[in-house]
Amino acid sequence: MAKKILIVYAHPEPTSLTRQLVDVSIEALTAQGHEVILSDLYGMRWKAVFDADDFPSRTNPERLSYIMESGHAYATGQQTADVAAEQAKLLAVDAVILQFPLWWYGLPAILKGWIDRVYAFGFAYGYKNGTNEYRFGDGILKGKRALVNVMAGGPATDYGPRGINGPIDQLLFPLTHGALFYPGMDVLPTHAVYGAGHVTTAEEVDAIKAAWRLRLAGLFIDKPIPFRSQNGGDFPHRHTMADHVAPGQTGLVAHVANLVDA
């Protein structure tokens, strides 16, 4: 069955490896019969800074409260057109793919700014009733899939369990568990391309593209990361994990069920 997929792409160089893999995404997914929507953030000249200009009609002109003004703009249809358009894309698609380089252990600022501005109060957080009831597995994007494709400059060993940079899954936890799982999406294991800054031959590029095509083939069948949902019983009061869940485990690892329950 044909699906709709949103690709959010963040890289300023049109000949970059990131952009080449975006082209592979469009080609492969279209060949599968899917419809692809592309948000090329640099090409769109996306406004990355979340500030007072996002709220042309303020409820309180004396003091800027992002939650209050974001919620008001969303609820009253007074958001800026660019933000409303990206929200409409998210609601229309069955899956979201984020493709970007790892810069200083995180997202390019323009992609972080996309999240900051598009994830309005009442939309991605405070969903339905203005509380934290519908989050981490529940939310407005529940039922959709998410896949992160990141280019890392260092070799894979640097991102191993004891690697000097730390595991890529932990570096990207604020994105995968936070920005993607928080509003309800099923997040697939991250597809990282290591040593991206040292790819020099056509053969290396072809191998990277082939591996990415294989991942794309499993976009709607691969198992997502088993993050613990807020409302599935592991967090009886929505804040702290129950004592019987992942006993002895703390930190990020405790949030992934199969790492401690197997």
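What share of the contacts in the protein with a separation of 6 or more is accounted for by residues 24 or more positions apart? The share is 75%, where contact means heavy atoms within 4.5 Å.

## About the model

This is a predicted model, in which local features need pLDDT of at least 70 and side-chain atom pairs count only at pLDDT 80 or more, while totals for chains, interfaces and linings use all residues. Residues are numbered from 1 along each chain as its sequence is written, and side-chain values use heavy atoms, with hydrogens and water left out.

## Overall build

Let us start with the elements. The protein has eight helices and six strands; these are DSSP runs (helices H or I, at least four residues; strands E, at least two), numbered from the N terminus. Read from the N terminus on, their order is β-α-β-α-α-β-α-β-α-α-β-β-α-α. With a radius of gyration of 19 Å, close to the 18 Å that the globule rule gives for 262 residues, the protein is as compact as a globular protein of that length. Here the radius is taken over C-alpha atoms, and the rule is 2.2 Å times the number of residues to the power 0.38. Along the principal axes, the C-alpha atoms fill a box of roughly 55 × 50 × 40 Å.

Now for the surface. Of the 262 residues, 48% are buried; buried means under 20% relative accessible area, exposed means over 50%, and partly exposed lies in between (1.4 Å probe, protein chains only). The accessible surface comes to about 12,900 Å², and carbon and sulfur atoms hold 56% of it. These areas come from the Shrake-Rupley method with a 1.4 Å probe, and for residues only the protein chains shown count as cover. As for charge, there are 22 positive and 26 negative side chains, with the centres of the two sets 4 Å apart. Lys and Arg count as positive and Asp and Glu as negative, leaving out His and the chain ends, and each charge is placed at NZ of Lys, CZ of Arg, CG of Asp or CD of Glu.

## Salt bridges

Side chains of opposite charge can pair when their charged atoms come close. A search of the whole structure finds twelve salt bridges, each being a side-chain nitrogen of Lys or Arg within 4 Å of a carboxyl oxygen of Asp or Glu. One of them joins D54 to R117, whose closest N and O atoms are 2.6 Å apart. This pair links distant parts of the chain: D54 sits in the loop between β2 (35-40) and α2 (66-75), R117 sits in helix α4, and 63 residues separate them. D54 and R117 are both buried. They also belong to a network of salt bridges that links K47, D51, D54, D82 and R117.

Two further pairs are worth a look. E86 and K89 meet at 2.7 Å, N to O; they are three residues apart in helix α3 (residues 81-92), so about one helical turn separates them. E86 is buried, at a relative accessible area of 2%. D222 and R215 form a salt bridge at 3.9 Å, N to O. Within that pair, D222 is partly exposed, with a relative accessible area of 28%, whereas R215 is buried at 16%.

## Positive phi values

Most residues other than glycine have a negative phi, and most peptide bonds are trans. K128 is exposed, with a relative accessible area of 59%.

F136 has a positive phi near 50° and lies in the loop between α4 and β4. F136 is buried, at 18% relative accessible area.

P101 is part of strand β3 (residues 95-101) and is buried, at 7% relative accessibility. Leaving out residues up to four places away in sequence, P101 touches A10, H11, T18, G106, P108, V150 and M151. P101 and A192 are 91 residues apart in sequence, yet 9.5 Å apart in space from C-alpha to C-alpha.

Helix α6 (residues 173-181) is largely enclosed by the rest of the structure, because seven of its nine residues are buried. Those buried residues are F173, L175, T176, H177, A179, L180 and F181. Their cover includes β3, α4, β4, α5 (168-171) and β5 (186-187).
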